[in-house]
Amino acid sequence: MNDKKHKSIRLENINKSFPGVQALKNVSMEFTASEVISIVGQNGAGKSTLMDILGGVKQKDSGEIYFDDQPVQFKSPRDSMKKGVSYIHQELAIFNNLTVAENVMFNEFDRNKSLFFLNSKKINAKCSKILKMIEPSIKPNDKVEDLAVGQKQIVEISRAIATGASIIIFDEPTSSLTLKEKESLYALIKLLKSEGYIIIYITHHFEEIFRIADRIYVMRDGANAGEVKVKDTNTKELAKLMLGDYVTKMYGGEDHSHNIDAVQDSDEVLLKVNELSSTNGIENVSFRLKQREVLGVWGLMGSGRTELIRGILKLDPITNGTVEIKTKNGFVGLPKNFTKNFGYVPENRREEGLFLDSPVLSNMSIGRIKKFANKLGFIKKVQEKSKAITATKELDIKLVNVHQKVNTLSGGNQQKVVIARWLIFKPDIFILDDPTKGLDIGAKADVYKLVKDLVEEGISVILISSDIDEIIHMSDRIIVLANNKLVNTLDHNQANKETLMEYSMGNK
Amino acid sequence: MNTKLSHNTSKTILNFIVNNIFYLVFIGVFVYFSVASSKFCSVSNLSNLLLQCSYYGILVTGLSFVIISSDFDISVGAVAYVSMSVGMTAISAGYPITIGIVLTLMFGTLMGFFNGIVITRLKVPAFIVTLGVLIAGRGIGHLLVAERGGIPVPTVMTQFTRFKIGPFYYEVIIMFLVMAIGQIILTKTAFGKTVFAIGDNEKSAEHLGVNIKNMKLLLFTLSGFIASLAGVIYVTQIGYLHASFADGWEFTAISMAVIGGVSLFGGRGTILPGALLGVVLIVMLQNGLTIIGISPYVHPFITGLVIFLAILADSFKNRYR
C-alpha cells in the first residue's frame, strides 16, 4: 500500500520498573521487514510491558528505540501509531455500531475538520481497496456487529494497513478464533510478510509459533533469555529457555508418585453424592470422594462438569438425590452455606472468583469475612492482615504487598489468591474448576505443586480440567461425564488419553 | 412441510413485531385517541401538540449526544432554570431582551462546561456531578426567582409564540432545525462517528488516539447550551418564570430519548426520527389522555408504564445483541 514502510526497528537496553518490580532489564531486540518474530516467555516475563512500550501505552525508563536508525520517542499510543506501529490486542478495538469502512478508516478521519461532512465515497473506496487485497468477502458497508470474530479481526488488521503501519503486533490473536479462521489468519500474516511488514506475534501456543514465525526472542524475568531461528530449534529447547529451572517442577518431576500409598492408608469416604439430579441438567450422578485424594472430573465441553459442581454446592436447585459429608456425628447433609467445608475455585477466576479492583487482602478474607469480625461486626484488621500475609508466603504469591489490587497481579498469582482465600480456613475439600486455564507452564507447575501440598495436608481435591494430560497426571481416580451423566469411574492406573476420550464421547 | 412454513411465517411476524414494537405502539396510541375523540386529530390540536413538543425536542437533542457517548446528564432541567433565572433577572432589571437571552445561553453553556470539567478533569462520575448541579442549581434558581415570587416574561417575548408558518409554530420550526442539525452531525461527520465510537467502546477509541476528555467536555457543554435554549423557548410559551420551571425535565427527556431508541447503554440511537418520535409519543399520551377526559392524576402512571416498558425493551435488545 505505502512504500514508506520502515525496514528495521531496534530496541536497545530498554528498562522499565513499576513500584516494587523491575519489569524490564536491558532488553534489546531487532526486527526487520518481511519477517515474523515471535516473543515468548511465561506470564510476567515482560512481553506485554515491552509491547506496551513499543505501542506507546507505557513509557520506558531508559533505553532507545530506533526506526530505520532514527531514534523515536513515544508519549502516547497515538505517537506510536503515527510512526507506523499497530498493536492488535487480544480484545479487539472494534466499534460494533459502525460500518466496516468507518472502522477501517477511523484513524484517517480528519480531526481538525471533524464537523465537516465525511466523504463516505472516498472512505469506502479506500477501504474496499484494502479489503480486496486481504479479504474480498467483507464489504465496506457491512455492519461490524454482523461479522464473526475472525472477520472483525480482519477489519482491525485492515485498519492497521490503512493507517500506514510498518509493524503489526499481534497479541494472542487466535484465542477466540475457530480452526478455519486460524488458517485464514496464518495465510493473511504470510501475505502481510510478503508485502514487507514487520510482524510481531505473541502467543503461548508453540504450534502456532512453529507454524508461522521465522525468529523467536525468549524473555525470562524481564530480560533477554535467548534468540533462536525457528528452523534451528524445537519445543523442548524453547521450553527450557523459557522456564530456566522451572521445567523440572512441572508435574513434580517424575509422574505422580506422591500419595497413592497415603490414599490407601486412609481409604475413608469423606463425601457421598447419591443419585444427584439438578435443574441444570445433571442426571442421577453418584460418586464417593475419599479422604486425601485427588478426584478428577473429566468430560467434554457441555458434558456437565461445572453443572455437577454447582449441583453439589447447591448453587443450582437439586431436583433429586443427596449430598452428604462426614462429620464427627457421621454423615450429614451439606449445610446451606457450603463455605464451611468447601473451598471453591470457579472456572472463570476473573468473572466469578475475584473482586478485581479490590486489594489482595480483602479478596482473601472475603470468603469467610464473618470469621474476622468481632461481636459488633467490625473487622479485626490485624488478624485479617496477618492471615493474608501467612497465606501469601505459603503459596509463594508474588506481590508488592497485600494492599495491591488483584488486577495488577499476573494470571497465576491471581489464581493463587483465590486458592488462598479458602486455604486460610483449611476446608475439608477443595474444588478446583479448570484451575490452570490460561496460565503458562511455570504458573501451571506452581498450581500442581500446590494441589499436591493440599493433599499432603489431608485435604481432598475435586479437580475439573479441560486439559486431559493434567487430569491423568494429577488424579488418583477419575470420573468421566458425558451428556450430564456419569459414565465411568477409573483408577489412576487404568486411565490413559484414549480410554478417557472414548468414554467421554460415549463410545464405550 | 406446511406446518414448518407457517411456523416460519409466524416467527417472521413475531420478529417484525419485536423489532418494530415502538412504531406499532406509536401508531396504536395515535389511532386510539383519534377514534376516542374527534378533537384529537384536528389540525389545531396536532399543531398544539407539536408546540408542546418543541422544548423537549430541543432538549433531547443535546442529551442524545451525551447518552450515545454512554454518559448521562441529569442536570438539564436545573441548567435551564438557573440560566433562565439569570437572564430574566437581567431583563427585569431593565436590560434589553436580547442581552437577557444571550446571557441565558451563555450561562447555560458555562454550566455545561462546568459539568464537563468536573467529570473529565476531576474524574467524578457524570451521574454524581450532574445530580449535584441538579440540586444546587435549583437552589440558586430559587434564590433568584422564588424569593421574588416569580418573574413575569415581557409580552414582546410571549408574542413570539403567535408566529406560525402553515400549521407550525416558530418554536416547532426551531426544534426541527436543531434536531436536523444534530442528526446530520451525528451521522455524517467524523465528530458524530467518534461519539458513536466512544459509546460503543471507550477504551478502544482512546487507544486509537481519540481525546476522550475533550470530546466529553464538548458534549456536556453542548448539552448545557441546548438546555438553556430549550429554557428560552419554554419561557416564552408559559409567560412566567416560576419556582417549578423545568422541574423534572431531565428524567422526562432521558425517557423520551430512550423510548425513541437512544440506548441507555450508549452507542446507538438517532435524533431524527428516533428521539423526536419518543418526544411526540410522551406528549401525545398526555395530550390525548387529557382530551378523552382521564384524570390528570392517572397520567403519570400511564406514562411511567410506557417508559418502563421502553427501558425494559432496551435492555432486552442489548442483552441479545
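**Helix packing, domains and chain contact in a predicted model**

Val76(B), Gly77(B) and Ala80(B) of helix α4(B) meet Trp249(B), Glu250(B) and Ala253(B) of helix α12(B), where contact requires that the C-beta atoms of two residues, placed from the backbone, lie within 7 Å, and where helices (H or I, at least four residues) and strands (E, at least two) are DSSP runs numbered from the N terminus. By class, this contact of α4(B) with α12(B) comprises four nonpolar, one polar and one charged residues; Ala, Val, Leu, Ile, Met, Phe, Trp, Tyr, Cys and Pro count as nonpolar, Asp, Glu, Lys and Arg as charged, and the others, Gly among them, as polar. The axes of helix α4 (residues 76-92) of chain B and helix α12 (residues 249-259) of chain B are 6 Å apart and form an angle of about 130°, the axes being lines fitted to C-alpha atoms over the stretch in contact and the angles running from 0 to 180 degrees between N-to-C directions. The helices α4(B) and α12(B) are therefore oblique to each other, since angles under 35 degrees count as roughly parallel, over 145 as roughly antiparallel, 65 to 115 as roughly perpendicular and the rest as oblique.

The model is predicted, and local features need a pLDDT of at least 70, side-chain atom pairs count only at pLDDT 80 or more, and totals for chains, interfaces and linings use all residues. Residues are numbered from 1 along each chain as its sequence is written, while chains are lettered from A and ligands numbered from 1 in the order in which they are written.

Chain A has an average pLDDT (the predictor's confidence in each residue, from 0 to 100) of 83, and 93% of its residues score at least 70. Within chain A, confidence is highest in strand β8 (residues 198-202), at a mean of 94, and lowest in helix α9 (residues 260-265), at 45.

An automatic or database domain assignment divides chain A into domain 1 (8-250), domain 2 (257-341 + 427-508) and domain 3 (355-425). Ten residues of domain 2 of chain A are in contact with nine residues of domain 3 of chain A, and helix α15 (residues 441-456) of chain A gives the most to the domain 2 side, with four residues.

Between the chains, the contact takes 21 residues from chain A and 18 residues from chain B. On the side of chain A that touches chain B, helix α2 (residues 77-82) of chain A gives the most, with three residues.
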